[in-house]
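Please walk through the following model from its overall form down to single side-chain pairs.

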Amino acid sequence: MSRALLSLGSNLGDRLAYLRSAVDAVRPSVVAVSSVYETKAWGVEDQPDFLNAVVLVDDPARDHWDWLRTGQAAEQAAERVRELRWGPRTLDVDIVAVDGVRSDDPQLVLPHPGTPERASVLIPWLEIEPDAVLPGHGPVAGLLAARPASDRDSVRLTHFVL
């Protein structure tokens, strides 16, 4: 069984349509989809706000590399251009965690680096999996509680549905 958490983000074009296209790319493996949240850009701050969500998927035929290829294919279908690290993008699909797999491969670091500091991932993850644990870091609820209130408050629930 290959259960994975994918983090989705978009801040260019029809942001909601791009998130929906990413969810469609992993059907019928979808177990749960979070609500959609709006957040300020992280890393490079001078860019439009992001729509973010997470998707919990499960497919016994896929391993962590398959999830990476699936995410990259969804990004390519959304015509993502990689010009600036943490820059604006039509679609970003990050593989956050896969069945507790640990990887230091530069192509796929697992769990995804930066996850413990990103309320934009932790909040939607807790919404769909309240007892979630980030391998090597502990319970997601504890990671979120350790974030400053300003980080938690910057993740705004929207009325959008995926």
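Predicted model: local features only at pLDDT ≥ 70, side-chain atom pairs only at ≥ 80, totals over all residues.

Residues are numbered from 1 along each chain as its sequence is written, and side-chain values use heavy atoms, with hydrogens and water left out.

The protein chain contains five helices and 10 strands; these are DSSP runs numbered from the N terminus, with helices being H or I of at least four residues and strands E of at least two. Its radius of gyration is 14 Å, close to the 15 Å given by the globule rule for 162 residues, so the chain is as compact as a globular protein of that length. That radius is taken over C-alpha atoms, and the globule rule is 2.2 Å times the number of residues to the power 0.38. The C-alpha trace spans about 40 × 35 × 30 Å along its principal axes.

Of the 162 residues in the protein chain, 50% are buried. Here buried means under 20% relative accessible area, exposed means over 50%, and partly exposed lies in between, with a 1.4 Å probe and protein chains only. The accessible surface of the chain is about 8200 Å², and carbon and sulfur atoms hold 51% of that surface; the areas come from the Shrake-Rupley method with a 1.4 Å probe, and for residues only the protein chains shown count as cover. Among contacts in the chain with a separation of 6 or more, 67% are between residues 24 or more positions apart, where contact means heavy atoms within 4.5 Å.

Two cis peptide bonds can be located in loops. One joins Arg-27 and Pro-28, with omega about 5°, and Pro-28 sits in the loop between α1 (15-25) and β2 (30-33). Another joins Leu-110 and Pro-111, with omega about -5°; Pro-111 is placed in the loop between β7 (108-110) and α3.

Helix α3 covers residues 119-128 and includes Leu-126. What does Leu-126 touch, leaving aside residues up to four places away in sequence? The residues are Val-140, Ala-141 and Leu-144. Leu-126 and Val-140 are 14 residues apart in sequence, and their C-alpha atoms are 6.9 Å apart in space. Leu-126 counts as buried because its relative accessible area is 17%.

The charged side chains come next. The structure has 11 salt bridges, a salt bridge being a side-chain nitrogen of Lys or Arg within 4 Å of a carboxyl oxygen of Asp or Glu. One of them pairs Arg-62 with Asp-59 at 3.1 Å, N to O, and both of these residues are buried. Arg-89 and Asp-92 form another, with the closest N and O atoms 3.2 Å apart. Arg-89 is classed as buried because its relative accessibility is 9%, and Asp-92 is likewise buried because its value is 12%.

Is Asp-151 buried or partly exposed? Asp-151 is partly exposed because its relative accessibility is 23%. In its salt bridge with Arg-147, the closest N and O atoms are 2.6 Å apart. Salt bridges also link Arg-15, Glu-38, Lys-40, Asp-49 and Arg-156 in a network.
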